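Thanks for taking a look at this one with me. Could you read my notes alongside the picture and follow each point on the structure itself?

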2 protein chains.
Amino acid sequence: MNKNAFRQLSYGVYVVSTWDKGRATGCTANSVMQITSDPATIAVSINHDNYTNGCIQETGKFAISILGEHSDPGIIGTFGFRSGRDHSKFDGTEQLLKSFLPVVADACAYLVCEVVNRMETSTHTVFLGKVLDADMLKDDTPMTYAYYHNVIKGKSPKNAPTYIAE
Amino acid sequence: MNKNAFRQLSYGVYVVSTWDKGRATGCTANSVMQITSDPATIAVSINHDNYTNGCIQETGKFAISILGEHSDPGIIGTFGFRSGRDHSKFDGTEQLLKSFLPVVADACAYLVCEVVNRMETSTHTVFLGKVLDADMLKDDTPMTYAYYHNVIKGKSPKNAPTYIAE
């Protein structure tokens with residue numbers, strides 16, 4: 001099996017966020033996709049080891065901030081390479097409140113979802129979320145994972161589905 | 001809710017294929033993502049109305065051909081805007097046999113998967129597939145859905161999760 005083939009799949013770059021007992025938390029993710037059109041539902045894959053996973057299970061809600069090419073790339077590191085267990089990741093990241101959920105302000109769009117189903121795998125939970133609210137935030141080109149790799153020269157954190165040990 | 005926000009999610013362009021009682025069939029899809037890294041699993045969302053859906057349920061296997069920017073855009077129409085119910089879509093599309101599954105030859109990479117789980121929604125099945133085989137086919141930039149829309153000027157077929165009535 002040639003794992004380089006996996007790298008040909010296309011993704012965006014997102015922050016998936018929710019509440020941790022009144023404190024905003026979240027993590028960087030690229031495995032997000034729309035599943036149904038009407039009602040609109042979105043699937044997102046989150047590693048069991050990500051602190052955000054348990055928080056979503058508890059609140060039953062999550063938001064997706066869609067990062068753009070002009071979003072501060074520091075956001076990806078803040079939300080991707082540190083744990084919400086010991087860091088308040090939204091400290092120092094401008095936050096909006098949308099339908100009672102925390103969203104990254106420096107993003108091109110957001111979606112707020114309510115968990116309606118989930119599928120467990122060996123390492124990740126796939127949450128299916130019904131979209132409650134969605135809107136544009138700024139006029140920007142959505143950042144693709146390829147752009148993040150090739151232009152920003154970013155890497156995959158160890159909990160990402162797309163992680164390949166070097 | 002502003003549905004334009006949904007259009008900011010990033011995808012690739014794929015042909016999801018399998019067997020229909022010895023005849024190769026498949027459909028165009030954009031909702032494909034990797035879920036776990038080891039073992040590698042892939043999720044794909046297929047509309048209940050797509051003939052390919054029932055064929056995957058029957059065979060328990062599917063292949064994903066990852067289209068590139070230089071893949072013949074006619075493939076997208078052949079597999080996206082006609083039904084495998086009344087058309088042999090692989091007639092006239094060069095086909096490879098990989099781990100006993102039919103794959104589109106004019107693609108940049110392929111994955112062959114065995115269904116290990118699935119999640120049902122109102123209109124789509126999300127199949128979770130364990131990757132059995134994967135390889136590169138040609139050196140090309142994977143086609144993103146944005147490229148398909150903006151450069152090839154393509155539209156969403158009615159069964160796509162991303163379909164928005166005009």
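The numbered points below go from the single chain to its sheet, its core and then the pair of chains.

1. A word of caution to begin with: what you see is a predicted model. Please read every value here as computed from that model.

2. Let's start with the overall make-up of chain A. It holds three helices and nine strands. Read from the N terminus, the elements follow one another as β-β-β-β-α-β-α-β-β-β-β-α.

3. Next, the dimensions. Chain A has a radius of gyration of 15 Å, and this agrees with the value near 15 Å that a compact globule of 166 residues would have. Along the principal axes, the C-alpha atoms of chain A fill a box of roughly 40 × 35 × 35 Å. Buried residues account for 54% of the chain's 166 residues. Among contacts in chain A between residues at least 6 apart in sequence, 67% link residues at least 24 apart.

4. The sheet deserves a slow look. In chain A, seven strands make an open sheet, ordered 2-1-5-8-9-4-3, with antiparallel pairing. Strand 2 (23-29) and strand 3 (32-37) of chain A sit at the edges; each has a single partner strand, so one side of each has no neighbour in the sheet. From one strand to the next, the twist averages 35°.

5. Now to strand 5 of chain A: is it buried or exposed? It is mostly covered, as six of its six residues are buried. In a regular strand, side chains alternate between the two faces of the sheet. Here both faces are covered, with K61(A), A63(A) and S65(A) buried on one side and F62(A), I64(A) and I66(A) buried on the other.

6. Strand 5 of chain A also has partners to trace. Four bridges pair it with strand 1 of chain A in the antiparallel sense, and six bridges pair it, again antiparallel, with strand 8 of chain A. I66(A) is a handy landmark: Y14(A) is its bridge partner, and I66(A) also stands opposite A109(A) in strand 8 of chain A.

7. Helix 1 (residues 51-59) of chain A lies across several strands, including strand 1 (14-20), strand 5 (61-66) and strand 9 (124-136) of chain A. Its angle to strand 1 of chain A is about 55°.

8. In soluble globular proteins, nonpolar side chains tend to be buried together. The largest nonpolar core in this model has 96 residues, of which I64(A), Y110(A), I64(B) and Y110(B) touch the most other members. Beyond its neighbours within four places in sequence, I64(B) contacts residues including V16(B), V32(B), V44(B) and Y110(B).

9. Finally, the two chains together. How does chain B relate to chain A? A rotation of 180° with 0.0 Å of shift along its axis superposes chain B on chain A, with an RMSD of 0.0 Å. That is the relation of a two-fold axis. Y11(B) is the residue of chain B that comes closest to this axis, at 2.8 Å for its C-alpha.

10. The contact draws 45 residues from chain B and 45 residues from chain A. On the side of chain B that touches chain A, strand 9 of chain B gives the most, with eight residues. Because 100% of the interface residues of chain B are also interface residues in chain A, the copies meet through the same surface.

Key
Residues are numbered from 1 along each chain as its sequence is written. Chains are lettered from A and ligands numbered from 1 in the order in which they are written. This is a predicted model: local features need pLDDT of at least 70, side-chain atom pairs count only at pLDDT 80 or more; totals for chains, interfaces and linings use all residues. Two strands pair if DSSP finds at least two bridges between them. Helices (H or I, at least four residues) and strands (E, at least two) are DSSP runs, numbered from the N terminus. Axes are lines fitted to C-alpha atoms, for helices over the stretch in contact, and angles run from 0 to 180 degrees between N-to-C directions. Two residues are in contact if their C-beta atoms, placed from the backbone, lie within 7 Å. Copies are superposed by least squares on the C-alpha atoms of residues with pLDDT of at least 70 in both. The radius of gyration is taken over C-alpha atoms; the globule rule is 2.2 Å times the number of residues to the power 0.38. A residue is buried if 20 or more other C-beta atoms lie within 10 Å of its own, exposed if 12 or fewer, and partly exposed in between; C-beta atoms are placed from the backbone. A nonpolar core is a set of buried Ala, Val, Leu, Ile, Met, Phe, Trp, Tyr and Cys residues joined through C-beta atoms within 7 Å.
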